[in-house]
Amino acid sequence: MRPPITSQYANASASKIVYVSTKTPFMSAVKRVQKLLAQAEKRLAQSAADQVSKRPKYSHVNDEISDIERIASTMASQKDEQDEIVLKGTGKAIAKAMSLALWFQQRAEYNVRIETGTVGAIDDIIPPEGEDEQMQDEGEDIPESRIRYASTIQIFVSAAA
């Protein structure tokens, strides 16, 4: 079970997650991450432009574009991991996720950070018909569920400062 995927137009504090499976097309995942990073950059530029437009009109600074660039670079240096796109892969999809991480890592315009881990998945056990009564006759107890552990990888991709 995982939460619904948030909109790419959501605010910067909402995490942007791209789930990777073994069947995910490689370049499709790359384009999806690039699109999410472009949206984050647009949000940064828009908030910088909003700060410039809120200044008093009698300000002595004439060049609004250079002010927007200066404020955007200041905001970009102060930001934390809120503009990171997370690629998640589990089990067999780890190989695909690692190849995506390598692709982004080979380009200078991206920063890549990798975390590995393990997640538990609960499997419900439903015995085939007939075996349930046979096992009960023998005195064996059938568990209703079991916990299975799977390896995971999270790849954090952000634009280089």
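**Group meeting: a mixed sheet and its core**

What you have on the screen is a predicted model, in which local features need pLDDT of at least 70 and side-chain atom pairs count only at pLDDT 80 or more, while totals for chains, interfaces and linings use all residues. Residues are numbered from 1 along each chain as its sequence is written, and side-chain values use heavy atoms, with hydrogens and water left out.

A word on confidence, for which pLDDT is the predictor's own figure for each residue, running from 0 to 100. The mean for the chain is 78, and 63% of its residues reach 70 or more. Helix α3 (residues 94-105) has the highest confidence, at a mean of 96, whereas helix α2 (residues 64-78) has the lowest, at 57. Where pLDDT is low, the predicted coordinates should not be read in detail.

Now the overall layout. The chain holds four helices and four strands, which follow one another along the sequence in the pattern β-α-α-β-α-β-α-β; helices here are DSSP runs of H or I with at least four residues, strands are runs of E with at least two, and both are numbered from the N terminus. Among contacts between residues with a separation of 6 or more, 75% join residues 24 or more positions apart, where contact means heavy atoms within 4.5 Å.

In what order do the strands of the sheet stand? The four strands form an open sheet in the order β1-β2-β4-β3, with mixed pairing. Strands β1 and β3 (110-124) are at the edges and have a single partner strand each, so one side of each has no neighbour in the sheet. From one strand to the next, the twist averages 25 degrees; such angles run from 0 to 180 degrees between N-to-C directions, the axes being lines fitted to C-alpha atoms, for helices over the stretch in contact.

The parallel part of the sheet is the pairing of strand β1 (residues 16-20) with strand β2 (residues 85-90), over five bridges. Thr 90 stands opposite Thr 152 in β4. Helix α3 lies across β1, β2, β3 and β4, and runs at about 10 degrees to β4.

Next, burial. Of the 161 residues of the chain, 26% count as buried, meaning under 20% relative accessible area with a 1.4 Å probe and protein chains only, while exposed means over 50% and partly exposed lies in between. Why can we call β1 largely enclosed by the rest of the structure? Because four of its five residues are buried.

The largest nonpolar core has 18 residues, and those touching the most other members are Val 33, Leu 87, Phe 104, Ile 155 and Val 157. Elements β1, α1 (26-53), β2, α3 and β4 each supply at least two residues of this core. By such a core I mean a set of buried Ala, Val, Leu, Ile, Met, Phe, Trp, Tyr and Cys residues joined through side-chain atoms within 4.5 Å. If we set aside residues up to four places away in sequence, Leu 87 touches several residues, among them Val 18, Val 33, Leu 100, Phe 104 and Ile 155.

Finally, let us look at Arg 148, which lies in strand β4 and, with a relative accessible area of 38%, is partly exposed. Beyond four places in sequence, Arg 148 is in contact with Val 119, Gly 120, Ala 121 and Asp 123. Its side chain is joined to that of Asp 123 by a polar contact of 2.8 Å, which is a pair of N or O atoms within 3.5 Å, where within protein one must be able to donate a hydrogen and the other to accept it, and residues adjacent in sequence count only if both atoms are side-chain atoms. Ala 121, in strand β3, is 27 residues from Arg 148 along the chain, yet their C-alpha atoms are separated by 5.1 Å. Ala 121 is also partly exposed, at 25%.

Terms used. Pairing = 2+ DSSP bridges.
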